[in-house]
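Please have the structure open while reading.

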Amino acid sequence: MELLILLCALPIFYFLLMIGKRVYARGDQECYILDYQCYKPTNDRMIDTEFCYEIIKRTKELGLPELKFLLQATVSSGIGEKTYAPKIVFEGREQNPTVLDGVFEMEEFFHDSVEKLLAKTGIRPSEIDVLLVNVSMLTTVPSLAARLINHYKMRDDIKVYNLTGMGCSASLISVDVVRNIFKSNKNLYALVVTTESMAPNWYAGTDRSMLLCNCLFRIGGCAILLTNKRALKHKAMLKLNCLLRTHHGSRDESYNCCIQKEDEQGRLGFHLGKNLPKVGTVALVDHLKEIAPKILPMSELLRFMVKFLVRKMSKTSSVAGGKTKPVINFKTGVDHFCLHAGGRAVIDGVKLSLGLSEYDIEPSRMTMHRFGNTSASSLWYVLGYMEAKKRLKKGDKVWMISLGAGFECNSGLWEVMRNLDLDDANAWKDCIEGYPPVTLVNPFMEKFGWINQEDPATFKRPD
């Protein structure tokens, strides 16, 4: 009898052992952020209203229609007067860049932010197991990742990835790559370096869809240190709970709305199509359909389902029946919304789609105003603003949402592991007391509004 009981118990013990083993192993597959460091260039790279006008004046190809367009685009972008431009612009060589200009821009960022991050965390370069660099519009040989390995003398067996062409959504793509590596390897440190190269990509032509980039994009970057070491869980800032990527590259309209190409005069630039808001909305809506069940509580999903079925069964439209369409309340599963600071139109579009308040999108608006669109790294400046404002408390959920060329919509839900406060290295430290400002209106229209009154027949370019 005892033998029979033992034989019956063995499968149960084995089953429980396998469950325990799987649960324990899952702890080594978590993805934690130990720290991150946003790049803040020196003040001599700051580009204000007057200097913007100097750049425009030396671009002789621009006529009155282009000047009016640039004025309107800059005023409506939400960008401020304290953003940063690459050194080549201050030297007046933006129309004739070299590869070395791009490399110099990257190395300035690398040597500043990566060194600060390693110093903050106490991690030696030789301890880094995975290095991932994403820069969309600059490709060098050896790769930019190889330059980092050479500079910091990293290990020979380091896993290296160098991503290009991923656009403004590249940060979360990089995190996704790291997350997948963590699933099959224990006790790793991963360094993600995300930025964009502006120096060789300043557009000097007259195509409005390409001139828009000059108004929106500025230099910036971020270095992020991640780990799956369970022993460091108590030191982590954030833990990744969920990450999803949506790619509409198979759709021609989506594929062509953000694309690097030459204009009719053969000048290389980055085209932003008029259909970008529409394409972005479609990608976001499709993305939300997939990620909502992963990040929202069951109670909210059931509430939405019941309201949707009731409305459908009543067979009355929102106009005829006087009823509004049921809307998902994403705030039931998310405490903070970390939105890509792609410009006022992008931020307003996401705000409308998600039903957010001005408080929710304040970090993104302020990031656009203070640093401009820094491409893939903008999410981390937004996160830095939340940290500087002491919004992030232990247990809070932070939803990062990025949109980028491809066309892609990627998002990740993070859990705050400890109360986060403003530290000395935060890029917002010296200016956070002034945000949000009384007004986000920049002085471009006040100083240069006279351009709109000019007659094309009598207009003369200012010297």
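Leaving aside its neighbours within four places in sequence, which residues is Trp 428 in contact with?

## Basis

This is a predicted model, in which local features need pLDDT of at least 70 and side-chain atom pairs count only at pLDDT 80 or more, while totals for chains, interfaces and linings use all residues. Residues are numbered from 1 along each chain as its sequence is written, and side-chain values use heavy atoms, with hydrogens and water left out.

## Nonpolar cores

Beyond the neighbours within four places in sequence, Trp 428 is in contact with Met 366, Thr 367, Arg 370, Phe 371, Tyr 381, Gly 384, Tyr 385, Ala 388 and Tyr 435. Contact means heavy atoms within 4.5 Å.

Trp 428 is one of the residues that touch the most other members of the largest nonpolar core, which has 118 residues; the others are Leu 131, Leu 226, Phe 330, Trp 380, Trp 399 and Trp 414. Another core lies apart from it and has 24 residues, among them Ile 55, Leu 62, Phe 448 and Phe 459. A nonpolar core is a set of buried Ala, Val, Leu, Ile, Met, Phe, Trp, Tyr and Cys residues joined through side-chain atoms within 4.5 Å. Buried means under 20% relative accessible area, exposed over 50%, and partly exposed in between (1.4 Å probe, protein chains only).

## Salt bridges

Side chains of opposite charge can pair when their charged atoms come close. The structure holds 27 salt bridges, each being a side-chain nitrogen of Lys or Arg within 4 Å of a carboxyl oxygen of Asp or Glu. In one of them, Glu 50 meets Lys 447 at 3.6 Å, N to O. Glu 50 lies in helix H2 (residues 49–57) and Lys 447 in helix H15 (residues 444–448), so this pair ties together parts that are 397 residues apart in sequence. Helices (H or I, at least four residues) and strands (E, at least two) are DSSP runs, numbered from the N terminus. Glu 50 is partly exposed at 41% relative accessibility, and Lys 447 is partly exposed at 37%.

The closest N and O atoms of Lys 331 and Asp 360 are 2.8 Å apart; Lys 331 sits in the loop between H11 and strand S11 (336–339), and Asp 360 in helix H13 (residues 358–371), 29 residues apart. Lys 331 is partly exposed at 37%, whereas Asp 360 is buried at 9%. Arg 391 pairs with Glu 362 at 3.3 Å between the closest N and O atoms. Arg 391 is in the loop between helix H14 (378–388) and strand S12 (397–404), with Glu 362 in helix H13, 29 residues apart. Both Arg 391 and Glu 362 are buried. Elsewhere, salt bridges that share partners join Lys 87, Glu 91, Arg 93 and Asp 101 into one network.

## Cysteines

A disulfide is a pair of cysteine sulfur atoms within 2.5 Å, and the count by this rule is 0. For Cys 168, the closest cysteine sulfur is that of Cys 258, 7.6 Å away and therefore too far for a bond. Cys 168 is buried at 12% relative accessible area, and Cys 213 is buried at 11%.

## Surface patch

Met 298, Leu 302, Met 305, Phe 308, Leu 309 and Met 313 make a nonpolar surface patch of about 650 Å². Patches are made of residues with over 30% relative accessible area and no salt bridge: like charges are joined within 9 Å, and nonpolar side chains (Val, Leu, Ile, Met, Phe, Trp, Tyr) within 5 Å. Accessible areas come from the Shrake-Rupley method with a 1.4 Å probe; for residues, only the protein chains shown count as cover. Met 305 lies in helix H11 (residues 298–314) and is partly exposed at 46% relative accessibility.
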